[in-house]
Structures are given as structure tokens and as C-alpha cells.
Amino acid sequence: LQDPPELIPELLVKWREGFAVVHARRTRRLGERWAKRAASFLFHRLLRLVADVPILVDTADFRLLDRSACEVLRRMSERHRYLRGLAVWAGFPQAEVRYERQPRQAGRTKYRFGTMVSLGLDAIVSFSRVPLKIAAWLGAAVVPLSIALLVVGLTRPSSRGAGDWIIPVALLAL
């Protein structure tokens, strides 16, 4: 119950005003370690910086979605859903309600470091062209190097098998 059910009436007020998606935005995260808060703070701002849609910062999956928004999200074929981004990307009228997240009352978080990294990578790959641009630039850099290596391998006489690896490596890189 870190995300308070008592907030639901406020979410409903915004929904009645005509917002199909109402995000619950945390103003404080009580009871969390500084490293988790810092990582979350930095990740959300990095994602907002590189994303092609206006991703909201400091929101989680606690939100109100009306039936039409739920149906659109349900029909999406994504396997690794970053709901925080999909809810914005769908294009419905949106609002937010702010709240202080209280410390966990019982149990331990199920979100391990690896799970958070995986979710973060899914978010960046799903909502940003930056990874694709990085791959394209790396590919553009590797091709000339491979061609140069191939030319060296074909024109340089090999002595005792010292350069036998150049041509296969250059061809694999192409």
C-alpha cells in the first residue's frame, strides 16, 4: 500500500473532468534508500531527454485508465510493455494527481536491480530512436575499417600465416 487507495477519489475527479488517463505522480518517496531514489531520478530524466514522446517523470504504474484507454493498451502487441510510456503514447487526454509515497508497511520489494535495468532498457529502446542511431553510427564506422582491413589483407604479402586472419575478419565485419 505504498500507493494509497485514498488517492482514488482524486483520480476519479480528474476522470470525471474528461481525462482518460490520470497519472499518480510522486512528490516524495519516503522510506526508500538514497541510491534507489537517485537512480530513479536520473533514469526518468534521461528517458524524458531521449524519448520521442513526452514521458512523465516520477510516475509509476499507479494510475487511472478509463475503458477506452484500457482497450487500446490491451490491443497493443508489445511483448515487453512499458506502461508508463504506452499510457502517454496512446494519445488520450491526460492529467496528473500528486502524492507522497509512503514507506512500505510490510514485505520487501520484488523489483531487483536486474529487473529495473531490464525495464529501463525496454523503455529506452521502445520510446527513443537514440539506440538505433547509435547502432547506425557504429555500423557506419565499422564498414570503412573493414574495407581498409580487407584491402590490407589482400595487398600485403603474408609471411608464415601471420596475416591469414585479416581477410576472414574483414569479411565478417562487413
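**Close-ups around helix 2**

**View 1. Helix 2 alongside helix 5.** In this predicted model, the axes of helix 2 (residues 34–50) and helix 5 (residues 113–127) come within 10 Å and cross at roughly 10 degrees. Angles under 35 degrees count as roughly parallel, so helix 2 is roughly parallel to helix 5. Have a look at the residues that meet here: helix 2 brings Lys36, Phe43, Leu46, Leu47 and Val50, while helix 5 brings Met116, Gly120, Ala123, Ile124 and Phe127. Sorted by class, the contact of helix 2 with helix 5 has eight nonpolar residues, one polar and one charged.

**View 2. The two sides of helix 2.** From first C-alpha to last, the 17 residues of helix 2 reach 24 Å, close to the 24 Å expected at 1.5 Å a residue. Ser40, His44, Leu47 and Val50 are the buried residues of this helix. Seen down the axis of helix 2, they fall within an arc of 140 degrees and so line one face of the helix. An α-helix has 3.6 residues a turn, so residues three or four places apart point the same way. Turn to the face away from the buried side and you will find the exposed residues Trp34, Leu42 and Leu49.

**View 3. What covers the buried residues of helix 2.** The cover includes strand 1 (21–29) and strand 2 (59–65), together with helix 4 (83–89), helix 5 and helix 6 (130–155).

**View 4. Asp58 in its loop.** Between helix 2 and strand 2 runs the loop that holds Asp58. Although Asp58 is not a glycine, it has a positive phi of about 60 degrees. With a relative accessible area of 15%, Asp58 is buried.

Conventions. Residues numbered from 1 in each chain as written. Predicted model: local features only at pLDDT ≥ 70, side-chain atom pairs only at ≥ 80, totals over all residues. Heavy atoms only, no water. Axes fitted to C-alpha atoms, helices over the stretch in contact; angles between N-to-C directions. Helix = DSSP H or I, 4+ residues; strand = E, 2+ residues; numbered from the N terminus. Parallel < 35°, antiparallel > 145°, perpendicular 65-115°, else oblique. Contact = heavy atoms within 4.5 Å. Nonpolar A, V, L, I, M, F, W, Y, C, P; charged D, E, K, R; others polar. Expected span 1.5 Å × (residues − 1). Buried < 20%, exposed > 50% of the residue type's maximum accessible area, 1.4 Å probe, protein only. Arc of directions from axis to C-beta.
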